[in-house]
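I opened the notebook for a first pass through this model. These entries record what I looked up, in order.

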Amino acid sequence: MTPGSTEFLRARQLLDGLPWFQGLPEDARNLLAAGCSWHHLPGGDVLFYEGESADAVYLIARGSLGAFRKRDDDVQSIGEMFAGESVGELGVLTGRPRVATVRALRDSELLKLPGSHLETLANQFPQALLGLARLALKRAGQGGARRYDSAPRTIALLPQCAGAPIREFASQLLMRLSRFGRVRLLTSSDAHHSIEWCLQQEEDARFVLYLADESSGDWRERCRRQADAWLLLALSDETPGAFAEVLQPVPHPDAPRPEHLVLLHRDKPRLGAGKRWLKTRPRAQLHHVRHEPDVGRLARLLCQQALGLVLSGGGARGFAHLGVIKALREANFEIDAVGGTSMGAVIGAGLAADWSTEEMIEVFRRAFYDTNPLSDWTLPLISLVSGHKQSKLLQDSFGDRDIEDLILPYFCVSANLTHGNAVVHRSGPLWYWLRASTAIPGIVPPLMHRGEVYVDGGVINNFPVDVMRDLHHGEIIAVDVGGDYRLRAEQDETELPPIWQLFSEWFGPKRRPTLRQVLLRAGMVNSGSAAQQARALSSLLLAPPLGDIDLLEWKAYYRAIDRGYQYALRMIGGDKDALMQETPALW
């Protein structure tokens, strides 16, 4: 590249913005830029394949790339990379083959830094690659894997049916996105401008929204091609129009760009609408929009500034989650996504349904306080209880809702005993998968589904902060109600005493844990180590003091709620008038 040329100056401008090369002398920067070259990569084309030798680092000037790995017969998405990011540095500096296949998600312009030129640069200026080497070592320490966390910069708003209020929605989204940077809205009135003009708008703004019309045509195609992500806008009670992307094959199926299906509700959300619209786009992220605050949540999720809440399992101790949620809401925390295991999954489902705090307390009071959900005893061949009562309580509480009907993005975790792994549920009948997530082994019968056996998710992952971190980027509040539980015995013994002695102790002090306590504790024994991992993955870890509340103490409902509420107030600084004089732990 000729020094002083337009291409050279553009390369310098891009390189100067990278933290790796800041602080280098002018001669080193000029030498670096001189050895680079510009490359245009059309949407869908491959930059390099997994397993190839690494011969260059690439900087993204415009456009976006996707990274993918082959797993058996499937292609797994690692993530997306956008303008201003790099790709390929790990392989070049470590000498390892490429760890993923990288494709252009849209037409992209890249600056290529050949590995041989970087070596020449390092010979003359040894400090030049120090920052890049640190980055490579960090990623090598993560096993060579890389998680791409950038937010899209260009977003296509594509109506999927006639009559959707797309301009009103675009205005609301623009206002919400503007809190994170400058936003430009381009409409069909800008169709006469050149592609170069559009690219200049992308360089000048943090976000560019491309608003398509309710028809096919050149402008809609430009919106599709220029976007890092698609927002597929639909009225929940309508059917797709002839121009709708949901009726078309996924472009570049080996490298799909992020798609968000946004269902606009005229009033109360209609059950089943999410599942119906997702049929042709099962990999799209679903968002329900009823009013302007829901647009704010969508903007935070797009910008990866969302707040996720993770609720652990813990039996009756899980009622403390209700108190924590009450305190968070009073302190104006905007929770954008929720997930959990076992009782945490049940409480989280109420939050994801956008129930008020009072409504949640009332619904779960009827389900767990007014009646013991584990009192339908049966012949203990598979479990102590039949599971009928628990299933009915979950059905009565959540009705015919699917997970896709929940307002907030939501997941629950169960354990698949057939394959020995944790399963994350993000679709399907809500009560059904909550039944799996709360099937305490030995106490409640497992859920059998299509020949496979599912039990309480606490067996494998009682505190799924890692799942939330994989699904959503941003801050995470994690609430652990089971990590400090200790199962104790009052005496040493290797076998039980005669049965008559056990009966004589029935009404006296308990010297040994009950069968139900042993089974429940065995199902969540890994929660202590999970709490340690959660501290590293979460932004705030809350662990209410619940040492005096047993896992099966359903009548501690209100005490657990208040314990969680008072603890959260002290941790996050809530309404001081609501604080008790003494800490709840002293009760």
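**Entry 1: salt bridges.** I began with the charged pairs. The model is predicted. I counted 32 salt bridges by the rule used here. Side chains of opposite charge can pair when their charged atoms come close. I then took some of the pairs one by one.

**Entry 2: Asp294 and Arg290.** I found a salt bridge between the side chains of Asp294 and Arg290, at 2.9 Å from N to O. Buried or exposed, I asked of aspartate 294? Asp294 is buried, because its relative accessibility is 2% and the cut-off is under 20%. Arg290 is partly exposed, because its relative accessible area is 24%.

**Entry 3: Arg300 and Asp336.** I looked up the salt bridge between Arg300 and Asp336, where the closest N and O atoms are 2.7 Å apart. This pair links distant parts of the chain, 36 residues apart. Arg300 sits in helix α10 (residues 292-302). Asp336 sits in the loop between α11 (320-330) and β16 (337-341). I checked the accessibility of each partner. Arg300 has 11% relative accessibility, so I list Arg300 as buried. Asp336 has 1%, so Asp336 is buried too.

**Entry 4: Arg563 and Asp548.** My next salt bridge joins the side chains of Arg563 and Asp548, at 3.1 Å from N to O. Where do the two partners lie? Arg563 is in helix α20 (residues 557-572), and Asp548 is in the loop between β22 (540-542) and α20, so the pair ties together parts 15 residues apart in sequence. Arg563 is buried, because its relative accessibility is 1%. Asp548 is partly exposed, because its relative accessible area is 37%.

**Entry 5: a network.** I also followed shared partners. Salt bridges of this kind join Arg10, Arg62, Glu109, Glu196 and Glu203 into one network.

**Entry 6: a sheet.** I turned to the strands. Strands of a sheet pair through backbone hydrogen bonds, either parallel or antiparallel. I traced an open sheet of four strands, in the order β1-β8-β3-β6, with antiparallel pairing. Its edge strands are β1 (37-41) and β6 (86-87), and each of them pairs on one side only. Strand β3 (residues 56-62) and β6 run antiparallel and are joined by two bridges. Which residue is the bridge partner of tyrosine 58 in β6? I noted valine 87 as that partner.

**Entry 7: cysteines.** I searched the whole structure for disulfides and found zero. Cys161 is at 1% relative accessibility, so Cys161 counts as buried. Cys412 is at 0%, so Cys412 counts as buried as well.

**Entry 8: a nonpolar patch.** I looked at the surface. Leu379, Leu381 and Ile382 form a nonpolar patch there. Together these three residues have about 390 Å² of accessible area. I placed Leu381 in the loop between α13 (357-369) and α14 (388-398). Leu381 is exposed, because its relative accessibility of 72% passes the cut-off of over 50%.

Entry 9: Last, I went to the record. Residues 313-318 are 0% helix and 0% strand. The end C-alpha atoms of the span lie 6 Å apart.

Methods
Residues numbered from 1 in each chain as written. Predicted model: local features only at pLDDT ≥ 70, side-chain atom pairs only at ≥ 80, totals over all residues. Heavy atoms only, no water. Disulfide = S-S within 2.5 Å. Buried < 20%, exposed > 50% of the residue type's maximum accessible area, 1.4 Å probe, protein only. Patch = residues over 30% accessible without salt bridge, like charges linked within 9 Å, V, L, I, M, F, W, Y side chains within 5 Å. Areas by Shrake-Rupley, 256 points an atom, 1.4 Å probe, with all protein chains shown as cover. Salt bridge = Lys/Arg side-chain N within 4 Å of Asp/Glu carboxyl O. Pairing = 2+ DSSP bridges.
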